[in-house]
Amino acid sequence: MYRIWFERPLPVEYAHLLDGVALPVGPASATPEAPLVALREAHGIIASSQVRYDGALMDQAPTLRVIARTGIGLDNVYIADATARGIAVCYAPDAPTISTAEHAVTLMLACLKRLKECERQLRRGEKIDFFGNYRGAEIHGLHLGLVGLGRIGRHVAKIALALGTHVVGFDPYVPAEQVVNLGIEPASTLDAMLQTSDIVSLHVPLTPETRHLMNAQRLAQLKPGAFLINTARGGLVDEAALLDALESGRLQGAGLDVFDPEPPGPSNPLLQREDVICTPHIGGATLASKDRLWNTAITQVLQVLRGERPPYLVNEEVWPVSGRPEGEVREWNA
């Protein structure tokens, strides 16, 4: 019987997927002295986002054949290390699309309608003319700039277009004619798009090239009074530069579901601002999304262990994964 290591405890409603095939191992068998002790016997890993899956960790699992992420981000999984060891890496790109896109639009509307400010005024019992002082805006007719036009970015565009927003997109990997077919105006450069967008929403992976994509220089290029939305990865934004842009009034506000690091400390000044809507990286964590995440990740691990090619294999060069008897120890060429 196979053994699958779970970074997060396996929810009881998905235990039946392993019946007669595999046993879950992981957090329950860990100790402070040896938090990853159960990895030694793992044939597969269901990976979340809090553990760094590099070669050193993989070497603790000599029978490991597959790592499946319960999500779309792969910045904590070292693909080259896995490939060098013949370990398949899978992910669940479709699972969080709808939930994350809806969350991005929710943050946009919450910023435009100044919900955080209004709620706090009510909680404080402020005696003001709410109708006269309210400065909320409509999203209809505004220019939305999307950085990245993958699954989530495209779904955000679909929702925004239905709300009457003019959508502009920048993605160097998507041909302009495809962008136009989506009803999106293609931007020639990122800098040009930033200068004309009332709202900028980030939908790109975190890589060495995209880390601090929104730095002080790019934030200074944003249209005065614009809003920045980030539901992708916290490392895409230089938080110190964002704080400066808000303090100076260059930006009117921000909606953040992700931070760097996570979770943000309670002293993070972005959490204290009324012009910043903050949520704890739950954009892709709706009940429907989590159901798709768990089912997709577990199914793909079992597929690899059975010798079946999974639909969302990242490192195709490892396929087919060599079958190994249970308990066999590999020798590395590292």
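Me: Before we start, how are two packed helices described?
Reply: By the angle between their axes and the distance between the axes. The axes here are lines fitted to C-alpha atoms over the stretch in contact, and the angle is taken between N-to-C directions. Keep in mind that this is a predicted model.

Me: Okay, so what angle do α3 and α6 pack at?
Reply: About 50°, with the two axes 8 Å apart. Helix α3 covers residues 97-112, and helix α6 covers residues 151-162.

Me: Why are those two called oblique?
Reply: Roughly parallel needs an angle under 35 degrees and roughly perpendicular starts at 65, so at about 50° α3 and α6 count as oblique to each other. The crossing of α3 past α6 is right-handed.

Me: Which residues make the contact?
Reply: From α3 you have Thr97, Ile98, Thr100, Ala101, Glu102, Ala104, Val105 and Met108. The α6 side brings Arg151, Ile152, His155, Val156 and Ile159.

Me: And how many of those are nonpolar, polar or charged?
Reply: Eight are nonpolar, three polar and two charged.

Me: What about Cys118?
Reply: For Cys118 the closest cysteine sulfur is the one in Cys111, but at 12 Å it is too far for a bond.

Me: Are those cysteines buried or partly exposed?
Reply: Cys111 counts as buried, at 6% relative accessibility. Cys118 is partly exposed, with 22%.

Me: I clicked on Gln121. Where is that?
Reply: Gln121 is in helix α4, which spans residues 115-124. Gln121 counts as buried, because its relative accessibility is 13% and buried means under 20%.

Me: What is Gln121 in contact with?
Reply: If you skip the neighbours within four places in sequence, Gln121 is in contact with Glu126, Ile128 and Phe130.

Me: Now the backbone. Which peptide bond is cis at Pro263?
Reply: The one from Glu262 to Pro263, with omega near -10°. Pro263 sits in the loop between β11 (251-256) and β12 (276-278).

Me: And what is omega for the bond from Trp319 to Pro320?
Reply: Near 0°, and that bond is cis too. You'll find Pro320 in the segment after α11 (287-305).

Me: What is phi for Arg114?
Reply: Near 55°, which is positive even though Arg114 is not a glycine. Arg114 lies in the loop between α3 and α4, and it is buried at 11% relative accessibility.

Me: How about His281, what is its phi?
Reply: His281 has a positive phi of about 55°, and it isn't a glycine either. Its place is the loop between β12 and α11. With a relative accessible area of 30%, His281 is partly exposed.

Me: Last one: how far apart are Asn295 and Ala95?
Reply: They are 200 residues apart in sequence, but 9.3 Å apart in space, C-alpha to C-alpha. Asn295 lies in helix α11 and counts as partly exposed at 25% relative accessibility.

Me: What else does Asn295 contact?
Reply: Leaving out neighbours within four places in sequence, Asn295 is in contact with Tyr14 and Leu17.

Notes: Residues are numbered from 1 along each chain as its sequence is written. This is a predicted model: local features need pLDDT of at least 70, side-chain atom pairs count only at pLDDT 80 or more; totals for chains, interfaces and linings use all residues. Side-chain values use heavy atoms; hydrogens and water are left out. Axes are lines fitted to C-alpha atoms, for helices over the stretch in contact, and angles run from 0 to 180 degrees between N-to-C directions. Helices (H or I, at least four residues) and strands (E, at least two) are DSSP runs, numbered from the N terminus. Angles under 35 degrees count as roughly parallel, over 145 as roughly antiparallel, 65 to 115 as roughly perpendicular and the rest as oblique. A crossing is left-handed if the near helix is turned anticlockwise from the far one by less than a right angle, and right-handed if clockwise. Contact means heavy atoms within 4.5 Å. Ala, Val, Leu, Ile, Met, Phe, Trp, Tyr, Cys and Pro count as nonpolar, Asp, Glu, Lys and Arg as charged, and the others, Gly among them, as polar. Buried means under 20% relative accessible area, exposed over 50%, partly exposed in between (1.4 Å probe, protein chains only). A disulfide is a pair of cysteine sulfur atoms within 2.5 Å.
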